[in-house]
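Q: I have a model open and want to go through some local features. Can we start with the charged pairs?

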Amino acid sequence: MGPRGKRRRDRLRWSKLYTFSCFSPSVLLDPEASHSLGGPGFSRIVYCNQPRLHRKKPLKYPTNYISTTKYNIISFLPKAIFEQFRRVANLYFLLAAILSLTPVAPFNPLSMIAPLAFVVGLSMVKEALEDWRRFMQDMKVNSRKVGIHKGEGVFGYKHWQKIRVGDVVKVEKDQFFPADLLLLSSSYEDGICYVETMNLDGETNLKVKRSLEVTLPLDEDEAFKDFRATIRCEDPNPTLYTFVGNFEYEQQVYALDPNQILLRDSKLRNTSYVYGIVIFTGHDSKVMQNATESPSKRSRIEKKMDKIIYILFTVLLLISFISSIGFAVKTKFEMPDWWYLQPKNTTYLYDPSRSGISGIFHLVTALILYGYLIPISLYVSIELVKVLQAMFINHDLHMYDEDTGNPAQARTSNLNEELGQVHTILSDKTGTLTCNQMDFLKCSIAGVSYGVGSSEVEIAAAKQMAAEATGKNSDTHDLWESNGGDVRSSEIELGDGITCTVEKAQMPTIKGFNFEDDRLMQGNWRKEPSAATIQLFFRILAVCHTAIPELNEETGGFNYEAESPDEGSFLVAAREFGFEFCKRTQSSVFIRERYSSSEKPLEREFKILNLLEFNSQRKRMSVIVRDESGHILLLCKGADSIIFDRLSKNGRRHEAETTKHLNEYGEAGLRTLTLAYRVLEESEYSTWNTEFLKVKTTIGPDRESQLERVSDLIERDMILVGATAVEDKLQKGVQQCIDKLAQAGLKIWVLTGDKMETAINIGYACSLLRQGMKQICLSTLKSDLMAEEAKRAAKENLLLQITNNSQMIKLEKDPHAAFALIIDGKTLANALEEDMKNQFLSLAVDCASVICCRVSPKQKALVTRLVKEGTGKTTLAIGDGANDVGMIQEADIGVGISGVEGMQAVMASDFSISQFRFLERLLVVHGHWCYKRIAQMICYFFYKNIAFGLTIFYFEAFTGFSGQSVYDDWYMLLFNVVLTSLPVISLGVFEQDVSSEVCLQFPALYQQGPKNLFFDWYRILGWMGNGLYSSLIIFFLNVIIFCNQSFRGGGQTADMAAVGTTMFTCIIWAVNMQIALTMSHFTWIQHVFVWGSIITWYLFLVAYGMSSPSISGNNYQILLEALGPAPLYWAVTLLVTAACNIPYLAHISFQRACNPLDHHVIQEIKYYKKDVEDCIMWKRERSKARQETKIGFTARVDSKIRQLRGKLQRKVLSLSIQTVT
């Protein structure tokens, strides 16, 4: 980016057109009268074009390097070790490892230290790898390049991370701003630029920014050669919509406001380039100030597992104390009589005269000996299982997006099971639910509705009514299946086996235009009775906007850079109807009309006199134009509630029909705007324009209110022309996904920075809202009181609104009544305060859907925290932009969408997917599987370790609390590491109660997770009881059988090695048979692991017994010569294994027969192939397999059916009355 000549600048001076948003005072301020800068919170000084000054104290501002990682090189070791030893079991094993270095340890120290080091080390390596991935994604952002002034008027590219405060930056079209900048100039002559802030607030409409007039001459690279200025402003803070500062330039001081500030991660649009000064870098920037530190998240199951560890540790202490007391008593009273132990010649460990001391030392021995009650391999097995589960998620082709090439990605595997326990989803709107595309679908002109296309809601309701007409069951739910190609096939299941397939074009052939009606196409509108009104309607679409046409050299047509997707779709529609917007100058727009009276394309000029742009308070936009015949027209489009109030008496001719059409469009989930016009007299316009210009050029706090007042004077007595209906293009599959999640019993909240009207329309489009749903809109009371009094009054009013609406919901008698809560950011700020947040949450939980509008990133995080802590249930936050990072990190589970708007959300997330629709499979399939697998795996782990560990205690008590283990050291080492580890890992990785297809067909199965059916205390204690029972059976049956009889044909009795080996064989068989009974789904891998573990035990016995007696000791040839030839050994193994597992088998048999769970019923249907043989029964069962919900497409269809049925009943009733009359 070397020196250049003066660049051609865009000639449009937008400030002459815009009324509200980009006024900039040219009045110089007295420095003493300016903002009181320099005090607390306003101490920042920026020396423009002198970045080196900011590297030294006292300034020393941070670099532009950003990091979202959990660790760094210095903090990794202490933080990662802290994370590992937050786990109770790891703390215990650390203590045991330290004690194993003392003489009282019953085992070799290496056998205690090595497993702990392996488990902790493996977990730390996993954490390091996951954080490394975050680091690499940070580096991608930090390595982006932007033009920087190097000196002497020369610009060159630098990485973002090397930008410093004070640098002059040149950002070009469609680039992101690398830091928070002060706008100096742009490619437009008056310093206007367009900014897309979707990453910050979720809004897709473009914002207008304007530089100070004094910096307009800085319009080319060479102008910055000697540029010097000073900025004094506020300190870094998270507030996106405010900025206070002064700009000192050429010995004058100018006030700065948010209109001159370009925030990091917003994007430059419709502007060739801008120059700016870096004010805030890196973590000082506002978007990073809104970010929160990467939290350490733990699943609910893991937290509950700690409580189980506490219980087992209590049991361990109890039996250790029993053992210690027993040993002390034995030492004091019986050891003096054991002459063969030489009690007078002993150590302090076995001193009868100091039995208390001996008992204390034995307590340490017992604590280590019974450590097998607490399974050290549990954590490493869970870590391994979770990593393998994450691999299955990553490689699921059903969550692979072919368009972008992005698969789903489990960025952390710690939370897999949490996916199956989600209660509330908090979703961003823009880029998450929507793909920022509008399609023109219908319109109403002069009281006539045009557009024959139908929405999916209307189609499904009509099909269901047709099914009811045949007398079939009216129970409805839908199964969506995308069959690829150019057609989307929606299979609507209507109960009792009736299925209707609805085919609809998946994408319109023209982007932004999906209109079908021959009455208006190809110039046929000229044959309509209201042809003049139709022509005016199309001209309003083509003229009333702020878009810029760009010639597409490939097609020869025009692309439109519009402030909002709505405007773009209107212009495309106008073009298709024959009114093509082709050119804009400073004062005019040009429309090429294909179907003019001359039968030839004609270019018409409309002179723009004034432009009154849209904002959330006005809810309308107007242009005042002079047409070629000299008439002055006011053309207006806006919300119907606003436009209808401003119609003249003779302008309401088509109001009733238009209102009816608007309601129909709303029921179909379409976004609507109303169009009107007014012819102005020259004198009236001249008088109004004089006052308007006077107000526009004034300076003061009430300027905007005065502008609104003056605008309101002219936007009156209009004539209604018609209304538009556009389809807000949701991302593919969003409606279906929300419907399935609703049927699975999940609550869905939408948190968006967008304005309320847009959010409500999206709510309708994705079926979170529907016609007939009672909307509760919480708003802030406007007051003229002083600030503190106004705030108090606003809070009291809000509390009253919340109380009244909560009471209304409680008193509602209609079982089908549904409520939706809608609240904006200003009101939410009050609702989130300590004294009100619980009442607000209580109201929100009672509502079917919640939509929060105009919320800042910080508020998104606060709402997420409120729901998480207030309900105590698992929350999932999903978003795609930097403005979603806070809530993604705050939620129990954060899901980032790897879309087109950067990777900030993905970098902060726990899981990433490329489209919202994949959330359905991530939760309903993988979440359900992972929850159940982990829950069963942990329960089984505790069962097998209790069954094994308590036999050690029984034997020690049986042998006088001697501290002697019945098992060989090698047996104990292999028990968790080899002989029982692989089957339980296969359970955690491959177990499926039902297939993925059945999970999606029976979404109610998902509720097993939120209800915690498989990891509640009843089930946990049941498995512990099973382990206790098995330990008793294994020990006492073996002791009773072997104690008083010979076990070999030669009359030999069993020694400790024979009894111990037999008991251990019984344990291996019992626990492996138990896991085989637990599994619902077998693959060859599970068969190999389960039966292979048993075979491995026998192979080990053979190999160990054949080793030298110095190694095998008393177990020399234990299987081949001692136990193998003895029938009693095999009989005991069979008897004990059966006795251990028959109670569990009886329990599950009784449960399946008398009190089956949902998946038991499905498994039986699938096993007997009833789903194939009896399709009607299968569909009936599927129709029951959804939670009753008041949101989603299915609930919307049900509501539509009730509405149509009511109309039909009323019609039949009126016909009956007429017949009687």
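A: Asp284 and Arg44 meet through their side chains in a salt bridge, at 3.6 Å from N to O. A salt bridge here is a side-chain nitrogen of Lys or Arg within 4 Å of a carboxyl oxygen of Asp or Glu.

Q: Where do Asp284 and Arg44 lie?

A: Asp284 is in the loop between β13 (273-280) and α5 (286-289), and Arg44 is in strand β1 (residues 44-48), so the pair ties together parts that are 240 residues apart in sequence. Helices (H or I, at least four residues) and strands (E, at least two) are DSSP runs, numbered from the N terminus.

Q: Is this predicted or what, and which cut-offs apply?

A: The model is predicted: local features need pLDDT of at least 70, side-chain atom pairs count only at pLDDT 80 or more, and totals for chains, interfaces and linings use all residues. Residues are numbered from 1 along each chain as its sequence is written, and side-chain values use heavy atoms, with hydrogens and water left out.

Q: Back to that pair. Is Asp284 buried or exposed?

A: Asp284 is buried, with a relative accessible area of 14%. Arg44 is buried too, at 4%. Buried means under 20% relative accessible area, exposed over 50%, and partly exposed in between (1.4 Å probe, protein chains only).

Q: How many salt bridges by this rule?

A: The count comes to 44 salt bridges.

Q: Give me another. What does Arg709 pair with?

A: Arg709 forms a salt bridge with Glu691, with the closest N and O atoms 3.2 Å apart. The pair links distant parts of the chain, Arg709 in helix α15 (residues 703-714) and Glu691 in helix α14 (residues 682-696), 18 residues apart. Arg709 counts as partly exposed at 36% relative accessibility, and Glu691 is partly exposed at 30%.

Q: And Glu605, which residue does its side chain meet?

A: The side chain of Glu605 meets that of Lys607 in a salt bridge of 3.4 Å, N to O. Glu605 is partly exposed at 25% relative accessibility, and Lys607 is partly exposed at 38%.

Q: Which residues are linked in a network of salt bridges?

A: Arg298, Glu302, Asp306, Lys386 and Glu417 are linked in such a network.

Q: Surface next. Which residues form the positive patch?

A: The positive surface patch is formed by Arg52, Arg55, Lys56, Lys145, Lys150, Lys158 and Lys162. Patches are made of residues with over 30% relative accessible area and no salt bridge; like charges are joined within 9 Å, and nonpolar side chains (Val, Leu, Ile, Met, Phe, Trp, Tyr) within 5 Å. Lys and Arg count as positive and Asp and Glu as negative, while His and the chain ends are not counted. The place of a charge is taken as NZ of Lys, CZ of Arg, CG of Asp or CD of Glu.

Q: Where is the place of Lys158?

A: Lys158 is in strand β3 (residues 154-159), and it is partly exposed, with a relative accessible area of 30%.

Q: What makes up the nonpolar patch?

A: Ile311, Val315, Trp1017 and Leu1021 make a nonpolar surface patch of about 310 Å². That area comes from the Shrake-Rupley method with a 1.4 Å probe; for residues, only the protein chains shown count as cover. Helices α6 (300-333) and α28 (1017-1043) each supply at least two residues of the nonpolar patch. Ile311 lies in α6 and is partly exposed at 32%.

Q: Changing topic: backbone. What is phi of Glu152?

A: Phi of Glu152 is near 60°, a positive value in a residue other than glycine. Glu152 is found in the loop between β2 (145-151) and β3, and it is exposed, with a relative accessible area of 58%.

Q: And Asn1012, what phi there?

A: Asn1012 has a positive phi of about 55°, although it is not a glycine. Asn1012 sits in the loop between α27 (996-1001) and α28 and counts as buried at 16% relative accessibility.

Q: Last one, helix α21. How many residues does it have?

A: Helix α21 (residues 857-871) has 15 residues and reaches 21 Å from its first C-alpha to its last, close to the 21 Å expected at 1.5 Å a residue. The expected span of a helix is 1.5 Å times one less than its number of residues. The buried residues of α21 include Pro857, Ala861, Val863, Leu866 and Val867. Just after α21, Gly872 takes a positive phi of about 70°.
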